Amino acid sequence: MLFAKNGKEGRQLPPTFGTLKPHTERSFFMALVWKTSCKPCPCIPAPTEYSWKLVDGQLIPILCTNPPAPEALLELRRCSCRGSCGTNRCGCKRNLMACTDACECSDGCENTEDLTPEIEDDDELLG
């Protein structure tokens, strides 16, 4: 409740190992590409082996392998909206999360569906 009471938001959380690992893998891949860039026929592994995923023909970085916070903490978040939470002024909506019972919004809250993308298993993310 202290986290939610002070109005802290997801982007103010400190980095975790779940973000360090993919960032390190992507950095290593880029260093590997740059190191072999002067070779006539470099043998470069697939970027999907280094914390990138292929979505609709485009490479998208995997930013984190863990949820943003423990499930118990996510259930304690709250907003102090007085309206329907229909705009990004609502802290929950801005962080792509549904309002909870701890929120101070009214019964007419429109932000009831959780929009957080599901976190995949490490095995699926890393190839």
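Modeller: Let us begin with the word contact, which here means heavy atoms within 4.5 Å. In this predicted model, residues 24 or more positions apart account for 51% of the contacts in the chain with a separation of 6 or more.

Colleague: Which elements does the chain contain, and what pattern do they follow along the sequence?

Modeller: The chain has 5 helices and 2 strands, and reading along the sequence gives the pattern α-α-β-β-α-α-α.

Colleague: What percentage of the residues count as buried?

Modeller: A residue is called buried when its relative accessible area is under 20%, and 24% of the 127 residues in the chain count as such. The accessible surface of the chain amounts to about 9,200 Å², with 56% of that belonging to carbon and sulfur atoms.

Colleague: Where is S51 found, and is S51 buried or exposed?

Modeller: S51 lies in the loop between α2 (17–35) and β1 (52–55), and because its relative accessibility is 1%, S51 counts as buried.

Colleague: And where is the place of D56, and is D56 buried or exposed?

Modeller: D56 sits in the loop between β1 and β2 (58–61), and with a relative accessible area of 77% D56 is exposed, the cut-off for that word being over 50%.

Terms used:
Residues are numbered from 1 along each chain as its sequence is written. This is a predicted model: local features need pLDDT of at least 70, side-chain atom pairs count only at pLDDT 80 or more; totals for chains, interfaces and linings use all residues. Side-chain values use heavy atoms; hydrogens and water are left out. Helices (H or I, at least four residues) and strands (E, at least two) are DSSP runs, numbered from the N terminus. Buried means under 20% relative accessible area, exposed over 50%, partly exposed in between (1.4 Å probe, protein chains only). Accessible areas come from the Shrake-Rupley method with a 1.4 Å probe; for residues, only the protein chains shown count as cover.
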